[in-house]
Structures are given as C-alpha cells and as structure tokens.
Amino acid sequence: MAKRAYHLTNSEPSSVSPDSKELSNVIITRMGLTPRKAGSTDKMYRVLVELYEKMKLSNKEKKPELAVLTVEEMGNVAGITRQTMYDYIKRWIDYDLIVKTTYIFEGKVIIGYKLNGATLENAFEKAAVKVKNHLDLTIKFVKELQNTLKKEKISETMKQK
C-alpha cells in the first residue's frame, strides 16, 4: 500500500430519517472518500450506490461481470473525468472497499472495479478490519516506543553513575 492517509471524520446525518443520498454521503465522508478539493464533485456518493446496485444485479443474475464498473463509468457516475476518478479510486482500494477485476466481454478484455463483498456491509466490514489492523500496529509501535524510552532513560541513568 502506498503512503496515503486514512482520513476519518465525524459526519452524521442532519435529519432524523435521512434518505439514501444523505446516508451514502455521510458514509463516504466519514471514510474520507469524498474529494478534498473545494468545488469538486458532490456526486461521489453515487459511485458507492452504483457499485452496490451493480453487485446486487450481479448476484441476482448470477453473472459476475455485471458487478464491474470501469473507471470511466465510475467517473461518469460521479460527474468527473476518468483521470480524476483514478486519483480517488486509490483511497477506495486502500480501504479494501473495492477490488480490481478483469473479464472478457465480446472478445475484449474489460478492466474495472467491483465492491469487495456481496453487500455494502461486507465491504465496509473489510474496511473496518483494515483500519483496525492499522490501529493495532500503531498501538504496537506505541508500546515499543514506551519501552524504548524507558530503556534509554535507564541507560542514561547508568552512564551518569
């Protein structure tokens, strides 16, 4: 994984009974998947919804290729260019929310991405594991730092005597 940051935020629905648009916006905002540049698209939530809808259709029809969205399709859904979508996709992949996949359609190789789970919940559970593993490793480093500081202090005290 490249050195990119997890950017978790505290976003919550503004209404008591939010609709799917508001909830999907809250989810991608909380996970740091929204564009960070002011004035960028406000339709990124649609990519999440589209990935879910495609996965549902794929499972229903028992055709795995139906779950795949190309980067160009994702960009169209979000209202941005393909190249800009490539920049945003990196964060989705870092969380393990989506996976790259390839299939052959009408003799052409199609490369795209699909939700990393049969449902949104499955995909976000994998993202939660990824973040938890990151935090667990950080705790390990904290413990190691604490122990190292203690050893350095003892060593320094011994040198002074």
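Which residue's side chain meets that of K130 in a salt bridge? In this predicted model, the partner is D96, with an N to O distance of 3.7 Å. K130 lies in helix α5 and D96 in the loop between α4 and β1, so the pair ties together parts that are 34 residues apart in sequence.

**Nonpolar core**

- The largest nonpolar core has 29 residues, and the members that touch the most others are M44, V47, L51, M74, M85, W92 and L97.
- At least two residues of this core come from each of α2 (45-61), α3 (71-78), α4 (82-94), β2 (108-115) and α5 (120-160).
- Helix α2 supplies the largest share, with 5 residues.
- Leaving aside residues up to four places away in sequence, M85 is in contact with M44, V47, V71, M74, G75, A78 and I80.
- In soluble globular proteins, nonpolar side chains tend to be buried together.

**Helix α3**

- The buried residues in α3 are V71, M74, G75, V77 and A78.
- These residues lie on the same side of α3, because they cover an arc of only 160° around the axis.
- The elements against which the buried residues of α3 pack are α2, α4, β1 (98-105) and β2.
- After α3 comes G79, which has a positive phi near 75°.

- T101 belongs to strand β1.
- T101 has a relative accessible area of 18% and therefore counts as buried, the cut-off being under 20%.
- Not counting residues up to four places away in sequence, T101 touches V68, I110, I111, G112 and K114.
- I111, one of the residues touched by T101, is located in strand β2.
- With a relative accessibility of 47%, I111 is classed as partly exposed.
- Together with I104 and V109, I111 forms a nonpolar surface patch whose accessible area is about 310 Å² in total.

**Salt bridges**

- The model has 4 salt bridges, including the pair of K130 and D96.
- Both residues of that pair are partly exposed, K130 at 24% relative accessible area and D96 at 27%.
- A salt bridge also joins E53 and K56, whose closest N and O atoms are 3.5 Å apart.
- Helix α2 holds both E53 and K56, which are 3 residues apart, or about one turn of the helix.
- E53 is partly exposed at 36% relative accessibility, and K56 is partly exposed with a relative accessible area of 40%.
- K132 and D136 form another salt bridge through their side chains, at 2.8 Å from N to O.
- This pair lies within helix α5, where K132 and D136 are 4 residues apart, about one turn of the helix.
- K132 is partly exposed at 48% relative accessibility, as is D136 at 35%.
- Side chains of opposite charge can pair when their charged atoms come close.

How values were computed:
Residues are numbered from 1 along each chain as its sequence is written. This is a predicted model: local features need pLDDT of at least 70, side-chain atom pairs count only at pLDDT 80 or more; totals for chains, interfaces and linings use all residues. Side-chain values use heavy atoms; hydrogens and water are left out. A nonpolar core is a set of buried Ala, Val, Leu, Ile, Met, Phe, Trp, Tyr and Cys residues joined through side-chain atoms within 4.5 Å. Buried means under 20% relative accessible area, exposed over 50%, partly exposed in between (1.4 Å probe, protein chains only). Contact means heavy atoms within 4.5 Å. Patches are made of residues with over 30% relative accessible area and no salt bridge: like charges are joined within 9 Å, nonpolar side chains (Val, Leu, Ile, Met, Phe, Trp, Tyr) within 5 Å. Accessible areas come from the Shrake-Rupley method with a 1.4 Å probe; for residues, only the protein chains shown count as cover. The arc is that of the directions from the helix axis to the C-beta atoms.
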